[in-house]
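This briefing covers a two-chain model, with attention to how the chains meet and how each is built. Please read the points below alongside the sequence and the coordinates.

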Amino acid sequence: MSTTRETTRPGSVSTSDLAQHDGSGAKASLPSRPRRRGAGWSGRAEIALLAGPAVIVFLAFVILPVAMAAYYGFYRWAGYGPPTDFVGLQNYVVILTDPAFLQAIGHNAFIVVMSLVIQGPIAILLALLLNRRMRGQSIIRILIFVPYVISEVVVGTGWSLMLSTNGALNGMLHNLGLGSLAHDWLSDPNIAIWTLMGILTWKYVGFAVILFLAGLQGIPEELYEAAALDGASYWQMQRRITLPLLGPTLRIWAFLSIIGALQLFDLVYIIWGQYVASTAGTSTMATYMVANGRNAGNYGYGNAVAVVIFLISLVVALIYQRFVLRRDTAGALTERKTR
Amino acid sequence: MTALTAGRTRRRGSGTNPSKRSTKERLPWGSPTVYFIAFVVIALMVVPIIYIILGGFRTNSQITVDPAGFPNPWNVQNYLNVLGGSVFWGQVLNSTIVALVTTIGAVGLGLMASYVLARYQFRGRGALYALFAAGLMFPITVAITPLYLVVRNLGLMNSLGGVIIPQIAFALPTTIIILVPFLRAIPDEIQEAAFIDGCSRLGFFFRMVLRLSLPGVITTGILAFIGSWNSYLLPLFILNNDSTFTLPLGVQAFSSQYATDTAQVLAFTSLSMIPALIFFSLFERRIVGGLTGAVKG
């Protein structure tokens, strides 16, 4: 792998696939292979016929709503008839000065950071553990991944029953004689956000494990063999070989995790509901949006909140792209070169 | 990225082998420590699910007396009540319709668009790909409020179509990102041979591409299906009428309606996750492959 990197020639630039996942991708180009035929007149008709439906659906239901949100965000509007009560930036001023929203941003930031800090190390260790070829590995992988497949509603309903004050967890603690450890897991503001982190870890760590396992499969066996010949210990190998080479996978996982955490809605809304979430200290930007937009019948305001969430996500994504993922783009170039 | 792409090439090279190999050659046992840690982790992962399933076999008085106990005696009445009522089956039907149509729509439209992106040379191709790829970054949460307005203006409120069409749109980015590499990997020689034999590009699409990209199609199909089966936010906005509820909404409605009947809620909840679990265990290998593919792009 290091040899391929050395053979890169500058100028052989093609943007990596991932670079195109962001909004700045307008200038991104697909790595092209030579075609014998250009697109003629009939070719263009085929293109329109094949790509047209997807483009139309995508524009109408993904791009248009985002644009509409930007427009309605400038109005005070209950959602019926054309919006007439233009309030300029008033909605945004209210949002950004509302303590409830600022708290929600704080919760989101906490969840972003803690998701990375908690899930990352656990998932790396589990992936290393499961990467050995051994009997039972596929059933272990399946079971670790199961919580990820189950719907948020099932997860939320099950956990809120288990964690209620007279639920199964407290019951178990009493049975074990650890009654003093029993807590009001869901509504105690000092604990609730950690409860949420526990549930999020439970639900999403399997996803990280699966990704890391895929990344580990891409690391050439020879590197470990060579290191073993040189007398490297297991942990030295993991530190010097595995972690650096797993870097790209780690960075992509972190990216997905960050975006997911910024937009967290389902679990919080199902377990806590809109009112309890704010008193228990687990409200997120998205639950704030639904509570103060649709549920309050204030669609102009809800759309403005959507725009704020969108911009925050975009800025975070672009910063991440710029400072963290840039290295991976360089790696992708060399890989393309070697094919 | 290097490691990822290398992983892909390697796996594709031995694409179908691992499953065959594992049946022939027996894997060695791992060390006891590894199994012990794996056991603890799996216990943590599975116990909450088992709690839900077993809880359905208990009575409310059992649950009140000992919230963390086993069913004693076992009681199937909760499950029979749920299975005997029409509410559950109506929601299963709604969820199935929504998930199937979403899957077919997303894979169909996605495959067509991916084919264009992978095998046609035209101006704006990169921009088109970037447009879809950008959609990957913004899940439905951000767009939900205006999306609700779009659906309402189209008169699709309280109809399954109002959930299906937006779901197709939001499934397209993942589908396209996964399928484009599959379609690009089809050797040019096959295409040329087909053209020499008088096959048009559209004919090539229907006769060859569909078959050759089947693994990718299955992967994206499963992702779309499970995503739809579990989706909550969009149905929550669009479906207000009990008769149109999908299972996630049904579970929530049921658990607030029968809030005091914990055992019954647990039975309903565990029945609602069975289809997704079956689907997952059937296609586990493909889902895992698809998720990694989704990240690799």
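Predicted model: local features only at pLDDT ≥ 70, side-chain atom pairs only at ≥ 80, totals over all residues.

The crossing in which α13(A) passes α8(B) is left-handed.

**Helix pairs between the chains**

- On the side of α13(A), the residues that meet α8(B) are A:Tyr299, A:Gly302, A:Asn303, A:Ala306, A:Ile309, A:Phe310 and A:Ser313, while α8(B) brings B:Val142, B:Thr145 and B:Pro146 to the contact.
- The residues of this contact of α13(A) with α8(B) comprise six nonpolar and four polar ones, with no charged residue among them.
- By class, the contact of α2(A) with α9(B) has eleven nonpolar residues, with no polar and no charged residues.

**The interface as a whole**

- The contact between the chains takes 100 residues from chain A and 93 residues from chain B.
- On the side of chain B that touches chain A, helix α15 of chain B, residues 262–296, gives the most, with 15 residues.
- The residues of that side of chain B divide by class into 68 nonpolar, 19 polar and six charged.

**Chain A**

- Chain A has 339 residues, of which 43% count as buried, and its secondary structure consists of 14 helices and two strands.
- Among the contacts in chain A between residues at least 6 apart in sequence, 67% join residues that are at least 24 apart.
- Within chain A, A:Gly106 is found in helix α4, which spans residues 99–130.
- A:Gly106 is partly exposed, with 13 other C-beta atoms within 10 Å, a count that falls between the limits of 12 or fewer for exposed and 20 or more for buried.
- A:Gly106 lies 32 residues from A:Phe74 in sequence, and the two are 25 Å apart in space, C-alpha to C-alpha.

**Chain B**

- Chain B has 297 residues, of which 49% count as buried, and its secondary structure comes to 15 helices and zero strands.
- Of the contacts in chain B between residues at least 6 apart in sequence, 78% join residues at least 24 apart.

**Confidence**

- The model scores ipTM 0.79 and pTM 0.80.
- For chain B the mean pLDDT is 79, and 87% of the residues of chain B reach 70 or more.
- Over residues 1–24 of chain B, pLDDT stays under 50, and for this stretch the model has 39 contacts beyond four places in sequence.

Definitions and conventions: Residues numbered from 1 in each chain as written. Chains lettered and ligands numbered in written order. pLDDT = per-residue confidence, 0-100. Contact = placed C-beta atoms within 7 Å. Helix = DSSP H or I, 4+ residues; strand = E, 2+ residues; numbered from the N terminus. Left-handed = near helix turned anticlockwise from the far one by under 90°. Nonpolar A, V, L, I, M, F, W, Y, C, P; charged D, E, K, R; others polar.
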